[in-house]
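Here is a short briefing to read alongside the model. Have a look at the sequence and the fold, then go through the points below.

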Amino acid sequence: MRRYGKHTDEDDIRSRPNRKGNRPRTNIRPKHEDAAEGMVLTVDRGRLTCLVDDRTIMAMKARELGRKAAVVGDRVALVGDLSGMKDTLARIVRIEERSSLLRRTADDDDPYERVVVANADQLAIVTALADPEPRPRLIDRCLVAAYDGGLEPLLVMTKSDLAPPDKLLELYGDLDIPYVVTSREELESGDAAGRVRVHLDGRVTAFVGHSGVGKTTLVNALVPEERRRTTGHVNAVTGRGRHTTTSALALPLGGGDGWVVDTPGVRSFGLAHIDPSRVIHAFPDLEPGTEGCPRACSHDEQDCALDAWVEEGHADPARLYSLRRLLATRERKEGD
């Protein structure tokens, strides 16, 4: 039975009232073609500090982005009040495609990924040679995360006045990782920063390391205009420092073209998200040898084609050992 007669017009049609009193929902999203480009500097409880031109803007994520979150280093599009004045708030309406992504999980059984930084070119892994003792398994895990995320690693060893770097350098020599060795005196005088920054100019570098290794002290020397609170003491019982950096923060490299991202000290670096097929990209001398590998090969099994590739003289056996040591780090605890 027809509800309306033959000759109806719009006035005859009853529409359901919108109880919330707002605009009707639509699947059409605005393109925001006039949005300004910016970079996320830090994130704090849903509020994001962004750099737009030479202005620091406070912003929040637009609802239309859904569950997609912006992180430090993201290139974003913003609309709204972009004056940077006090008590103003802009909206992030778009997150641009990322060139790299450094991620970690709380542990190897945790499926939830935590994004540390986006669009970084380099990962500076800071470790002390003593007080606290170096943790090679944590370094291995950071290296795997860097290779997986598309970042180039840089090894920074501090406190060389307390212990020599030879043993650690021997462990990572076959990986051809650039490195800098510094002492406590050099950190305090700023000489260490001068040698480290040679590797930083023109690049976005994220600094990671567990507490007490001098990471934030080094960052302070690199960006003296933006000093962050440094670590006070290393616990004599646990050999670990106290966290003083509580959130990731991107800082412009003083007197140069580059960015430094200081991150909170880490006690663990879970690798539940790692795909071995991405890590192999960091080993160009070994990667062609994987063409004969079985599907989903872990590169450390009986049928792995890399063994034959090395035996034929295409790559150094030490390189294959290093790859397998890194890939196996998911199966080893960091204290092993």
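Threonine 290 sits in the loop between helix 6 (276–279) and helix 7 (306–311), where helices are DSSP runs of H or I with at least four residues and strands are runs of E with at least two, numbered from the N terminus. This is a predicted model, in which local features need pLDDT of at least 70 and side-chain atom pairs count only at pLDDT 80 or more, while totals for chains, interfaces and linings use all residues. Residues are numbered from 1 along each chain as its sequence is written, and side-chain values use heavy atoms, with hydrogens and water left out.

**Threonine 290**
- With a relative accessible area of 19%, threonine 290 is buried (under 20%; exposed is over 50%, partly exposed in between; 1.4 Å probe, protein chains only).
- Apart from neighbours within four places in sequence, threonine 290 is in contact with Ile280, His299 and Leu306 (heavy atoms within 4.5 Å).

**Aromatic pair**
- The structure holds 1 aromatic pair (ring centres of Phe, Tyr or the six-membered ring of Trp within 6.5 Å; planes under 30 degrees apart are stacked, over 60 edge-to-face, the rest tilted).
- Tyrosine 147 and phenylalanine 283 form this edge-to-face pair, at 5.8 Å centre to centre and 70° between the planes.
- Tyrosine 147 belongs to helix 1 and phenylalanine 283 to the loop between helix 6 and helix 7, so the pair ties together parts 136 residues apart in sequence.
- Tyrosine 147 is buried at 11% relative accessibility, and phenylalanine 283 is buried at 0%.

- An open sheet of 6 strands runs in the order 10-9-8-11-13-12, with mixed pairing (DSSP finds at least two bridges between paired strands).
- Its edge strands are strand 10 (179–181) and strand 12 (249–252).
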